[in-house]
Amino acid sequence: MTSVVSALALAAALLSATVAGAATPAEADAFVASAEQQLSTYSDYAARVQWVNATYITDDTDALAARAGAEGTLLSVKLAKEAAKFNDTAGLSYDTSRKLGFLKQGLVLPAPDTPGAADELNTIATRLQSTYGKGKGTLKGKETSGNDLEALMGTTRDPALTREMWASWHKVAQPMRADYARMVEIANAGAKELGFADTGAMWRSGYDMPADDFAKLIDTLLAEVNPLYTDLHCYTRTKLNQKYGDAVQPKTGPIRADLLGNMWAQDWSEIYDVVAPAGAGNIGYDVGDLLKAKGYDAVKMVRGGEGFYSSLGFAPLPDTFWQRSMITKPADREVVCHASAWNLDNKDDLRIKMCTKVNASDFVTIHHELGHNYYQRAYNKQPLLYMNSANDGFHEAIGDFVALNVTPDYLVKINLLDAAKVPDPSKDIGLLLRQAMEKVPGMPWTALVDKWRWGVFSGATPPTGYNKAWTDLRLQYQGIVPPVERTEADFDPGAKYHIPGNTPYARYFLARILQFQFYQAACKQAGWKGPLHRCSIYGDKAVGAKLDAMLAMGASKPWPEALQAFTGTKQMSGKAMLAYFAPLQVWLKQQNRGQQCGWAAARP
């Protein structure tokens, strides 16, 4: 604790020293060096507190996490305000200028200087996350954890039961509303003290472009890929109508949210059996079944994910990873099951936190989470303020790009799939449809989560309209509707971890775009000549070396330069995603002939 108090005292001293006169480049350099040291000392201690709280939820660990969070917020706000003192200093070096920007933009929830504001803000933030982590819904009236409900939503085909699970889980969020509104109020006051219009504008400012330009980039990229989503929505709705009938799923308009195999309708892959076309739909294997047949448990699944990265030339994970990670859900305590990757000391204390189940989805998730860990290790020699990805979308995209390599070719190479059972080209529509059911619905979903929060932070969406705005956005962008009536007594956004967990979500949208750009570039480097969706770079150390070079850049350069280093272009684009799914989109349009696609006319 002494180190944090000393850090704050030093920050205050620096503040008073620079107010007296115009700041110089040398003072800016010294301030940045001091700030990095303070943040390093704090983060090492805070990460351990957060780890214990996430893996052992009690009133005590909640209190410790809230206190550590308050200290971190206070430190970050002090450093951000001090960094702003150098806004008009001429002659700053590139690195000092860039790091000052990170200090001003690095907060997720800034607290104002008002006494007690940081404590209140972090108490609320901790309570929101713990409410989510301890939440339970029901199945057939029996209390069931959120993690189990998520899995059951993918396997249950009784619409009465999926409606019960959806409705009961969303009740978990009802008590969050007042806390959330108060949190927004405090954070906005903090953001304004830092010179931002509101907290949402502060979040959007961290992408090497003006905040408004970033919002326009999201809209441009979404418009580019939306025709593919509309085609998939139309086809899926038809199949659901054929299975459940008009009374459950009408032939036109939006889709009932709980029928899509996922609590938030962000990934539809679990209902592949419902939409699979005759012949082309059966690809001949299920990854979950293959894992079970080969005797995989949770740890062996993680070992398998590590093996992919090792094949590209990356060093093995440290022994401490296996000793300290939470790979399965403990039986004796409450934990946050949402999968995440950690580097507690900013060096080699890499860990993952998962409640792993032996299924295809978690096998993919493992590849994704390890992508974070390998990225964290690649940039661990950078200065602290550069220990991050080129933008936060890059961090999410790396593991997703690797997971795209979980193709039949890869499964054969790791002895999960018999070479004689590799599906032939006639099954490509099935392969692509299954992948599209996972990837494509995430495009509108990942865009709308932060669009809702940006509206909340700006005041365009007042607390009295939180739920209506959420439901309207889900209809507008996803074309889905709740299975039961909603009112402002509900707080449906809080039923998704990233809302009470205060994790900005635009990164996941960018990751959906970037993963296909990375994948297409990697396959081109590997000399792949077949259909893009069948490519696997497993074992290609030359591609791995080029990938590692980009990862090692961390946040030291603007993201377009990092993108260019691996892909050859500075422009984010949805074209690689559309190229990947091009054969499927042609097929979907054929299947949708005569259908009334879209959903706007069905607005209640």
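Analyst: A disulfide is a pair of cysteine sulfur atoms within 2.5 Å. Here Cys-234 and Cys-597 form one, with their sulfur atoms 2.1 Å apart. Before we go on, this is a predicted model, in which local features need pLDDT of at least 70, side-chain atom pairs count only at pLDDT 80 or more, and totals for chains, interfaces and linings use all residues. Residues are numbered from 1 along each chain as its sequence is written, and side-chain values use heavy atoms, with hydrogens and water left out.

User: Where in the chain do Cys-234 and Cys-597 sit?
Analyst: Helices (H or I, at least four residues) and strands (E, at least two) are DSSP runs, numbered from the N terminus. Cys-234 is in helix α10, while Cys-597 is in the segment after α25 (582–591). They're 363 residues apart, so this pair links distant parts of the chain. The link is left-handed, with -75° about the S-S bond.

User: Is Cys-234 buried or exposed?
Analyst: Buried means under 20% relative accessible area, exposed means over 50%, and partly exposed is in between (1.4 Å probe, protein chains only). Cys-234 has a relative accessible area of 0%, so it counts as buried.

User: How many disulfides does the structure hold?
Analyst: It holds three. Cys-337 and Cys-355 form one of them, with sulfur atoms 2.0 Å apart. Cys-337 lies in the loop between α14 (319–324) and β4 (340–343), and Cys-355 in the loop between β5 (350–353) and α15 (360–378), so this bond ties together parts that are 18 residues apart in sequence. Both Cys-337 and Cys-355 are buried. Another disulfide joins Cys-523 to Cys-535, S to S 2.1 Å. Cys-523 is in helix α21 (residues 506–525) and Cys-535 in the loop between α21 and α22 (541–552), so parts 12 residues apart in sequence get tied together. Count the bonded cysteines along the chain and you get the pattern 1-6, 2-3, 4-5.

User: What about the core? Which residues touch the most other members?
Analyst: A nonpolar core is a set of buried Ala, Val, Leu, Ile, Met, Phe, Trp, Tyr and Cys residues joined through side-chain atoms within 4.5 Å. The largest one here has 165 residues, and Tyr-180, Phe-394, Leu-411, Trp-452, Phe-518 and Phe-581 touch the most other members. Helix α10 (residues 211–244) gives the most to this core, with 13 residues. Apart from it lies another core, of 19 residues, including Phe-31 and Leu-385.

User: How do I read pairs of rings?
Analyst: Rings of Phe, Tyr and Trp (its six-membered ring) pair if their centres lie within 6.5 Å; planes under 30 degrees apart count as stacked, over 60 as edge-to-face and the rest as tilted. This structure holds 38 aromatic pairs. In one of them, Phe-31 and Phe-86 are stacked, 5.7 Å centre to centre with 25° between the planes. Phe-31 is in helix α2 (residues 25–55) and Phe-86 in the loop between α3 (59–84) and α4 (94–105), 55 residues apart. Both Phe-31 and Phe-86 are buried. Ring pairs also link residues into a cluster, among them Tyr-180, Trp-452 and Tyr-466.

User: Last one: how can I check a helix, say α18?
Analyst: The expected span is 1.5 Å times one less than the number of residues. Helix α18 (residues 428–439) has 12 residues and should span 16 Å; its end C-alpha atoms are 16 Å apart, which agrees. It's mostly covered, too, with 11 of its 12 residues buried.
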